[in-house]
Amino acid sequence: MLKLIPVVPIFLHLLSQIDCLDNGLALTPPMGWMHWERFRCITDCATYPTDCISERLFRDMADKMASDGFLDAGYEYVIVDDCWLAMERDSEGRLQPDPGRFPSGIKALADYVHAKGLKFGIYEDYGTKTCGGYPGSIDHLALDAQTFADWGVDYLKLDGCYADLDGMEDGYAEMEAYLNQTRRPIVFSCSFPAYKGLNANYSAAVEHCNLWRNYGDIQDSWDSVAKITDWFSLNQVALLPYAGPGHWNDPDMLIIGNYGLSYDQSVAQMAIWSVMAAPLIMSVDLRTIKPEFRDILLNKDAIRINQDVLGNPGVVKHEKDSIRLWVKELVDDSYAIGIASYRVDGKPYQLEIVLKDLGLDNEKGFLIKNVFDDVDPISVSVSEPIKVLVNPTGGVLWELTPLAKKKVK
Ligand code: GLA
């Protein structure tokens, strides 16, 4: 028998009391590419000409996103993270990029990205300096918002290093106001919850931000994926009420295709991020990614589950023997189930699932499609036990379509 974790009743009533950032953006979790986890703060272009943080890197990635199916699959934002800036503002106080690495300027880079049909994102920091030590935005918020709009920025990640924790929510609200004043639609990714922890004012995040980092940085390892997902699972009662269309919890980038995750671990990350309704922001070298990892990132079913219009974040409903299972309610009475194994005993674990024990209800049952396995879908009733094998540090993702229309009460 599955041990069912008591789950918060449905939280939507709570959200109806909170104002939401109403810029019409990020109605489904944002999808894109960001340089940080894979390319870090590499500024030595002499030694690392293809990997350094330079206009060449972002042009290369934009080319690949457009030519290799990522844009078609929904990945639309090309986001420059830290270390793009010159150490000084210009004579009028405006931010400027490092002239050696971005000789054409940011506007030209944004134009290049836009010409590919993609959108352009950039990083700054609310404090005195970025985490990498470059000029921060404090004292220049209005000017920086206008500069970003003038450059054609569509997405701003505003980090929270070197900032006063008190009043951070107000500072981010101020930045949101300046962004709105530019009249340019700009997705606003906030970081104050990651710095303030569960003490952060999450209602303020919903009110002023389209997404927000909640927790520490992802690193290139399964341990890091496990640590992040443990934290989100442990704190789901506190976190899930705030996620929905236009405003998302962000467990950080997808690291699929890099050095640290096996194939199974990559499937697990994609399954978990999809079912959590997490932003799907890749950080990988798209020029050299191996096809099996590219296929995971491009999996249409996983992306459809993640991008479901209802925007329900998955709820952890079962956790036992280092196996965790999420249920996500989808449109039209469909569901997704994501399962991850954190076991390291070197052999698959057989889990037995009864759908009605997980709260799924349909008189005729469901058609289950196994998203990452090329097997025929199966029909199951809600009361029959279903056996599923989960590889160690691997994942399973199912899409369940109802076999009968639910009776209208
Ligand atoms: C922080 C953020 C990361 C990245 C770095 C850049 O650590 O959480 O995602 O932006 O700063 O310095």
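**View 1. Four disulfides, paired 1-4, 2-3, 5-6 and 7-8.** Count the bonded cysteines along the chain and the disulfides follow the pattern 1-4, 2-3, 5-6, 7-8. The structure holds four of these links, a disulfide being a pair of cysteine sulfur atoms within 2.5 Å. What you are looking at is a predicted model, where local features need pLDDT of at least 70 and side-chain atom pairs count only at pLDDT 80 or more, while totals for chains, interfaces and linings use all residues. Residues are numbered from 1 along each chain as its sequence is written, and side-chain values use heavy atoms, with hydrogens and water left out.

**View 2. The link of C41 and C83.** Here C41 and C83 form a disulfide, with their sulfur atoms 2.0 Å apart. The turn about the S-S bond is -110°, making this link left-handed. The pair links distant parts of the chain, 42 residues apart: C41 sits in the loop between α2 (36-39) and α3 (55-67), and C83 in the loop between β2 (77-79) and α5 (106-115). Helices (H or I, at least four residues) and strands (E, at least two) are DSSP runs, numbered from the N terminus. C41 is partly exposed at 30% relative accessible area, whereas C83 is buried at 1%. Buried means under 20% relative accessible area, exposed over 50%, and partly exposed in between (1.4 Å probe, protein chains only).

**View 3. The link of C45 and C52.** Zoom in on C45 and you find it joined to C52 by a disulfide, S to S 2.0 Å. This disulfide is right-handed, because the torsion about its S-S bond is about 100°. C45 counts as partly exposed, at 26% relative accessibility, while C52 is buried, at 1%.

**View 4. The link of C131 and C161.** The sulfur atoms of C131 and C161 lie 2.1 Å apart and form a disulfide. With a torsion of about 100° about the S-S bond, the C131 and C161 disulfide is right-handed. C131 lies in the loop between β3 (119-125) and α6 (141-151), and C161 in the loop between β4 (155-159) and α7 (168-181), so the pair ties together parts that are 30 residues apart in sequence. C131 is partly exposed, with 34% relative accessibility, but C161 counts as buried at 17%.

**View 5. Stepping back to the chain.** The chain has 14 helices and 16 strands. Buried residues make up 57% of its 409 residues. Its C-alpha atoms fill a box of roughly 70 × 45 × 35 Å, taken along the principal axes.
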